2 protein chains.
Amino acid sequence: MLSDVMEDYLKAIYSLQMEHGPPVSTSSIAEYLGKTPPTVTSMVGKLEERGLLEREKYKGVELTTEGETVALEVLRHHRLLEAYLTEHLDYSWSEVHEEADALEHHISEEFERRVAAALGDPEVDPHGDPIPSADLTPPKSAGLSTLSDHGVGDTLVVCRVSDRDPEELEYLSEAGVTPGTTIEITDVAPFGMVTVRVVDSGREQSLPESVAQTIRVRAPDEECEDESVSTV
Amino acid sequence: MLSDVMEDYLKAIYSLQMEHGPPVSTSSIAEYLGKTPPTVTSMVGKLEERGLLEREKYKGVELTTEGETVALEVLRHHRLLEAYLTEHLDYSWSEVHEEADALEHHISEEFERRVAAALGDPEVDPHGDPIPSADLTPPKSAGLSTLSDHGVGDTLVVCRVSDRDPEELEYLSEAGVTPGTTIEITDVAPFGMVTVRVVDSGREQSLPESVAQTIRVRAPDEECEDESVSTV
DNA sequence: GGGTTGAATTAGACGTGTCTAAACTAAATA
DNA sequence: TATTTAGTTTAGACACGTCTAATTCAACCC
Ligand SMILES: [Mn+2]
Ligand SMILES: [Mn+2]
Ligand SMILES: [Mn+2]
Ligand SMILES: [Mn+2]
């Protein structure tokens, strides 16, 4: 009986919590969702009444277990849809996010099951984001560094990229920087511009700091630790 | 910028117009959608302001060309989805309608194109209902009689069944009465119960009047005239 | 033609989600 | 410690879609 608007708030709070940890501020939610802060205060009040999050006035919010479960459910829908659209309907990397955002609130549990089955229960979506399992236990994810945490000479494998900006995705796919790609950092300019060489193609590519921060990487001999336990 | 609620009204009015012709009364829309008459009056006023229908007070409404186009667009989405779910996600006949009703408002034009392509541009959905073409020109459909228009001894081919009641669909698929099936009427009871023999299986099946009215049929040597011109 | 009646509309209310403007808090600054 | 300020909340408004209760209309019957 949650509205799709409420689901969007919970999903947003979950993402912000993953990124910066709780408490999540009113203004960060507002910015993430493109709403005004009073709107967020009002909605957050309703979600608290429903027991989906805890709130400390003037501080911020944190999802309860129940709220987190809802967020994971929506995220599972979203990422399964992205995977399905890519695999079975020939969508590109950059197109799927918007479509999945519109559909994620409207598919049935039956649809979720059938899509998961058609895909063979995948563990990650096309951007490398982990797909929550059907039982919605919280994935022990993260622990991955970002491209901007590294320096010249480091050789890295791309694990995840942000799915929110189609233009950025277009650029990265054009550049050949996708999950699984091995890259080497060849230059870091003082103002944050990072230049990487794609090992397979030898191609060099410069990325602005803002983009480098959204690319999650691992050392060549590690796993993309989305399954294993790790420190937050 | 039409809301999905508005789309549902236009779709409902279109269906009622096909069934009984304009003008479509407030109460019939209310009953079809499960709303109260004042709610319908209010919504119909807004749709009129937007030029999607014409209205004569205390008489009823009729879709404008623009309103009809919207209805056909939504109907195309709905029926393509039903076909896709049946063909590619292993849904049964009786399950698809509800799922399509939820998704039809939320798919993009891109999604519509890709689904149509994956299906090879089908002309009918799993219930035999015609899928409006991509250019949304009004299908010159109808002209088909219903099972209850016929009498004992008539041999007929099933063209379309109603998609709105999952239980009825369950029953019909169990009985082997699906679009394309040849049947022969073996008995018509005075209170409207019709008994038919499925020619291929030899199986006999009785159907209540209410169901017989929703089954569109043709003579064995005709076409299901959904493409050709015919009188309304 | 005038009354009866059933359908349609108007009136008024409510919940949801959003906004702007005003008030308030708490943290940083002087 | 007092003031400024950035961020948050409250106050009040509005659009949407819905309802119930009251009113109005038009068609039918006598
Ligand atoms: Mn996405
Ligand atoms: Mn689910
Ligand atoms: Mn249907
Ligand atoms: Mn369309």
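## Chain A: burial and overall form

Of the 232 residues of chain A, 44% count as buried, where buried means under 20% relative accessible area, exposed over 50% and partly exposed in between, with a 1.4 Å probe and protein chains only. The model is a predicted one, in which local features need pLDDT of at least 70 and side-chain atom pairs count only at pLDDT 80 or more, while totals for chains, interfaces and linings use all residues. Residues are numbered from 1 along each chain as its sequence is written, chains are lettered from A and ligands numbered from 1 in the order in which they are written, and side-chain values use heavy atoms, with hydrogens and water left out.

The secondary structure of chain A amounts to 8 helices and 8 strands, both being DSSP runs numbered from the N terminus (helices are H or I with at least four residues, strands are E with at least two). Its radius of gyration is 18 Å, close to the 17 Å that the globule rule gives for 232 residues, so chain A is as compact as a globular protein of that length; the radius is taken over C-alpha atoms, and the rule is 2.2 Å times the number of residues to the power 0.38. Along the principal axes, the C-alpha atoms of chain A fill a box of roughly 55 × 45 × 30 Å.

Among the contacts in chain A with a separation of 6 or more, 64% are between residues 24 or more positions apart, a contact meaning heavy atoms within 4.5 Å. The chain exposes about 11600 Å², of which carbon and sulfur atoms supply 49%; accessible areas come from the Shrake-Rupley method with a 1.4 Å probe, and for residues only the protein chains shown count as cover.

Chain A carries 18 positive and 48 negative side chains, and the centres of these two sets lie 6 Å apart. In this count Lys and Arg are positive and Asp and Glu negative, with His and the chain ends not counted, and the place of a charge is taken as NZ of Lys, CZ of Arg, CG of Asp or CD of Glu.

## The manganese site of ligand 1

In chain A, the manganese ion (ligand 1) is coordinated at 1.9 to 2.0 Å by A:His78 (NE2), A:Glu82 (OE), A:His97 (ND1) and A:Asp163 (OD). Donors are N, O and S atoms within 2.8 Å of the metal (3.2 Å for Na, K and Ca), and because water is not among the atoms, sites may look incomplete.

The donor residues of ligand 1 are spaced H-x3-E-x14-H-x65-D in sequence. A:His78 and A:Glu82 are 4 residues apart in helix H4 (residues 65-88) of chain A, and are therefore separated by about one helical turn; both A:His78 and A:Glu82 are buried.

## The manganese sites of chain B

The manganese ion (ligand 3) has B:His78 (NE2), B:Glu82 (OE), B:His97 (ND1) and B:Asp163 (OD) as its protein donors, lying 1.9 to 2.0 Å from it, and these residues follow the spacing H-x3-E-x14-H-x65-D. B:Glu82 lies in helix H4 (residues 65-88) of chain B and B:His97 in helix H5 (residues 96-103) of chain B, so the pair ties together parts that are 15 residues apart in sequence. B:Glu82 is buried at 0% relative accessibility, and B:His97 is buried with a relative accessible area of 13%.

Since B:His77 lies in helix H4 of chain B and B:Glu112 in helix H6 (residues 109-119) of chain B, the pair ties together parts that are 35 residues apart in sequence; B:His77 and B:Glu112 are both buried.

## Backbone features

The peptide bond from A:Pro22 to A:Pro23 is cis, with omega near -5°, and A:Pro23 is found in the loop between helix H1 (4-20) and helix H2 (26-33) of chain A. In chain B, a cis peptide bond joins B:Pro22 and B:Pro23, with omega about -5°.

A:Tyr58, although not a glycine, has a positive phi of about 65°; A:Tyr58 sits in the loop between strand S1 (53-56) and strand S2 (60-63) of chain A and is exposed, with a relative accessible area of 87%. A:Asp121, also not a glycine, has a positive phi of about 45°; its place is in the loop between helix H6 (109-119) and strand S3 (145-146) of chain A, and at 54% relative accessibility A:Asp121 counts as exposed.
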